[in-house]
Amino acid sequence: MKKENTISTMKMMNGNEAVARGAFEAGVKVASGFPGTPSTEVMDYTQQRYPDIYCEWSTNEKVGLEVAIGASFAGYRSLAVMKTVGLHVAADALGGAAGSQINGGLVLVVGDDVGRIAGDDYNDVRHYGNMFNIPVLEPSDSQEAKDLMIKAFEISEEYSTPVILKITSVICKTTSGVIIDENYTYEVKCRVKYPVSFSKVIMTTMMMNAKGSKHPKLVKCFNDFPAHIKRLASDCNDFDINKLELKGKKIGVITAGTPYFYTKEVLHDASILKLGLVMPLPEKLIRELAQHVEKLYVIEDGHDIMEKNIKDLGISVIGKELFPKFPEMMRFTPDIIEEKLVPDAPKRAVMEGIPFRLPVSCAGCSHLFISQILRKHKIKAASDVTCGLIGCFPHMEAYQLQKCMGSSIALAHGFNVATNHKENFVAMIGDGGFWATGINGLMNLIFNDSRSTTIIVDNSCLAMTGGQHVASSEFGFNYKPENKLEIAKVCEAIGVKDIVTVDAYEFENLEKAILNAVNANTNSVVIVQKPCVTKFKLPKGDAYSIDQDLCTQCRKCINIGCLAIESKKAKDGKVEIVINEDLCVGCGLCSTACKFDAIKS
Amino acid sequence: MQDTGKNIIIAGVGGQGILLFSNLLSKYYMKLGYELKISDVIGLGQRGGGVESHFRYSNKPVLSPFIKAGDVDYLLSFEQTETLRYLHCMKDDGVIFSSTFELSTSSVNTRLEKDMPESKTELIKSSGKKTFIIDPDENKSSDFDISKMMNIVMLAFYAELRGYSHDEMIQIVKESVPEKFIEGNIKAYEKGIVIARAQLA
Ligand code: SF4
Ligand code: SF4
Ligand code: SF4
C-alpha cells in the first residue's frame, strides 16, 4: 500500500500495540473478542488509536468470534482477539468457520501465556491449527507482529481459511521499534467472493460422493478446503516470512517466535530456519536444512507441536528429549539454550531461600469480605475465575472448588443434586463470569428444579484483566445507559425467587444476607456491590492500625488476605503484625477478624 | 570508548513505577539513536507481585528480549527482596543500585515459608559487585513522597553515575509525567543527584 508521500518513522511499540497497528493497515472493519491476559491490550489499542475500526468486547469469546465470522461473510476484514483459554470457549465457532468460504479476511489473534508469567495456564493455540487444519502465524518481535497481521489477512482471503496469529506473553509485553508510515491513510478492505458460506458438513457430504451430492445446487456450495491448505503448504516454501539462514554445518535449528532471537543470541554459527508461518510447515525448506547440518534441533515455546509435525514428515529432529517441556521448563530463555548446546557454558543459579510472592488481593477488595464470611461460617463454596479465586490459595482456604470461567453456578448445582441438597453448596461468581457463561448455569438450575445459592460479585468491570466493561457496567466502547443490563432484573426474569443486593463494606448486612440465602428453602442470589477498588480508584478512608500491646500475633487478620497487612521484622529482630498505611484503604474488614480488639481505625 | 550498548534490569514490586522508569530511559537512549528492546515481566497476582523489566540498548539490533544470566551491566531495584533474585545475573563488573525498601512477601506473612535469617541489605552488599544502597527512610523529604518516587531518585543516580546530562533527563521527565506531578518528580530527581554525589564522592 505504498503511497507517494510516505514518511517512514520508527515507533516504539509493544506486541499488542503492533498487532493493532497491523489491523489498521490491513483495513480491518470489525474487531471483537473477550479480554484475556496477555492479549487484552490488542483491543484497547485498536479502540483508542483507530476509531475507524468498529470495536466490541463481546459477552464471551464464542460470541466474539461469531461476530467476526458474520462480519467476514459480509465481506469485511475482521479480527477476534482472545487468549487460548478463551479459544477453548470459542472452539465450536472456529470449527464451523474452518474450511468454509471466506469473503473478508478472518484472523484470530490469540494470546498464549508462555511461561505462565502473568496467567494461569500452559496452553498452546497451535493445537487448534492441527485440529482444524488452520494456518498459524507467529511473530518474533513487534515489527513482525505488525507485518504478520497484514500477511494473515492476505492468507485468509487467498486460501479461504480463518488464520490464527499466535502471540505470546513475551511478544505482547516486549517493546521494540516498528517502522510505520506516518501518512498512512486507513482504507477499509471489502471483498465478497462467495454468495454462501457453510460449515464443512456440506463439503464433506460431496467429497464422500453421498447420494444426490452432484446436484448443481449443492455443487454451488462446494469449497475444496483440503486443496486450499495443500496449496498453502506448497507455496509457503517461498514465503519471505519463512527464512532459511544457512551457516555452520554442525547445528541446525528450526524455530519461531521469540525463541528465534534466543537462538541467535547464543548460537552464533548455527544454521537457522525461522518460521513466520508455523502451520502448515514448509517441507522443502526443512529438508534443505536437514541436509545441510549434522544435528537438527527444534526450539519452540509451548508444546512440542512443530516437533511432532516435523517428525510426521519423516524428518528426525531433537526437541523435547533435550529440552523437556512443562513442568521442567516454563518457557525458553537464552540461558536454557546455552546450557544445553554450548560446551562449557558457565552455570549460574539464583540465590536459595528467597521467599516467593503469592498473589494477594488489593487492599479493600470486596472479594475479601465474601471469603471472610464463607470461612467464618464454614460455608462450602465454589469460586469462579475472578480476582476472588485468590480465596482458593492455601493461606485463605475460603473455597473448595474452582474450575473455569463461568463454571461455579453449574458446579455448585452438580454438587447439590448429587448430595440431595443436604448442604447448600454455594457458588461465587464475578459479574464478568456471570455474563460470559455463568448465566447459563443459573438458567439451567432453575428449569432443572434445583435449589442453590449464588453470590454474584458486582464490581462493575472485568477486574482481573484490568477493568474492561461488561454488560452491567456503566461505561464501555458502545455504552448507552438504556442498554445496561441489570443483574438483579435478569436473575428475576430467569426465575430466581430470593434476590438481595448488598454493599460489600456493610459487613454485618452482608453476613446476614449470605446466611439467609444459604438457609432459604429456595433459589437465592446475593448480589454484592462494590466497584473494583483499583479500577475505579475509590476514595480511601482513614487507615487502620494495630495496637502492638493488644496484638497476640494470632495472625487471623493476615489470613483475610489483604495486601496492606504485613508481618514485619522490626530493627531489633522482633516480628510485628502491622498495617501498611500507604496501602490500607480503611475498609475495616480486618477489625472484624481480630478477637482481641487490637485493630483500630 | 564509545558506548556500544548495555543490559539493564529494573526490578521491584507492582506500583513502584518500574514501567515509567524504563519508559523514561528509553526516550533518552532513543534520542541518542540506539536500538532498544524492553521486555516487561509482570508477576502473578493482583497487587504486590514482582515486576521486572529487561532493558537493552545497543548500536546494533537487539536480539533476545531477555537478558541472559551473567550479561547484566546494571541492576536497578526498588525492593530489596527482588534485588536478591537477580544477583546471579550480574556481569563481574556489573553495578547494583538497590533500595532498602522491603514489601514482605505473602508467603512469609502467612507462614507458608520462613523469611531468610540474614539481613537482605548485607546479602546484597556482599555480592562482590559494585553496589549503591539507597535507604528511603534516611532520605525522606517533605517536598515529595520518596515511597512513590524512588524510581525518579534512582534515575538521577544512574544518570549521574553514567555522566548523562541531567537537563536532558529532566526535560524527558517533564514531557512524560502528568502536569500535577512534575514538581514532585523534579524534586525527587534533584534529591537523587544529591544522594548520588554524596555516595560517589
Ligand atoms: S483488581 Fe479489583 S477486583 Fe481485583 S483484587 Fe483488586 S480490587 Fe479486587
Ligand atoms: S488478628 Fe488481632 S491479635 Fe491477631 S494478629 Fe491480627 S491484630 Fe494481632
Ligand atoms: S482496613 Fe484492614 S482490611 Fe481494610 S484495607 Fe486496611 S488493612 Fe486492609
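Is Glu158(A) buried or exposed, or does its relative accessible area place it in between? Good morning, colleagues. Glu158(A) is partly exposed, and its relative accessible area is 44%. Please bear in mind that the model before you is predicted.

Glu158(A) forms a salt bridge with Arg231(A), with an N to O distance of 2.9 Å between the side chains.

Let me turn to a second pair, Lys11(A) and Glu182(A). Their side chains form a salt bridge at 3.4 Å, N to O. Lys11(A) sits in strand S1, residues 8-14, while Glu182(A) sits in the loop that runs from strand S8 (174-181) to helix H8 (200-207), so this contact ties together parts of chain A that are 171 residues apart in sequence. Lys11(A) is partly exposed, with a relative accessible area of 34%. Glu182(A) is likewise partly exposed, at 42%.

Glu66(A) and Lys62(A) are joined by a salt bridge of 2.7 Å, N to O. Both residues belong to helix H3, residues 61-73 of chain A, and because they are four residues apart, about one helical turn separates them. Glu66(A) is partly exposed, with a relative accessible area of 33%, and Lys62(A) is partly exposed at 29% relative accessibility.

As a general principle, side chains of opposite charge can pair when their charged atoms come close. Across all chains, the whole structure contains 38 salt bridges. The pairs I have described are examples of such contacts.

I close with ligand 3. How many residues surround ligand 3? There are 14 of them, and the closest are Cys562(A), Cys584(A), Cys587(A), Gly588(A) and Cys590(A). By residue class, the shell around ligand 3 holds eleven nonpolar residues and three polar residues, and no charged residue is present in it.

Thank you for your attention.

Methods: Residues are numbered from 1 along each chain as its sequence is written. Chains are lettered from A and ligands numbered from 1 in the order in which they are written. This is a predicted model: local features need pLDDT of at least 70, side-chain atom pairs count only at pLDDT 80 or more; totals for chains, interfaces and linings use all residues. Side-chain values use heavy atoms; hydrogens and water are left out. A residue is near a molecule or strand if one of its heavy atoms lies within 4 Å of it. Ala, Val, Leu, Ile, Met, Phe, Trp, Tyr, Cys and Pro count as nonpolar, Asp, Glu, Lys and Arg as charged, and the others, Gly among them, as polar. A salt bridge is a side-chain nitrogen of Lys or Arg within 4 Å of a carboxyl oxygen of Asp or Glu. Helices (H or I, at least four residues) and strands (E, at least two) are DSSP runs, numbered from the N terminus. Buried means under 20% relative accessible area, exposed over 50%, partly exposed in between (1.4 Å probe, protein chains only).
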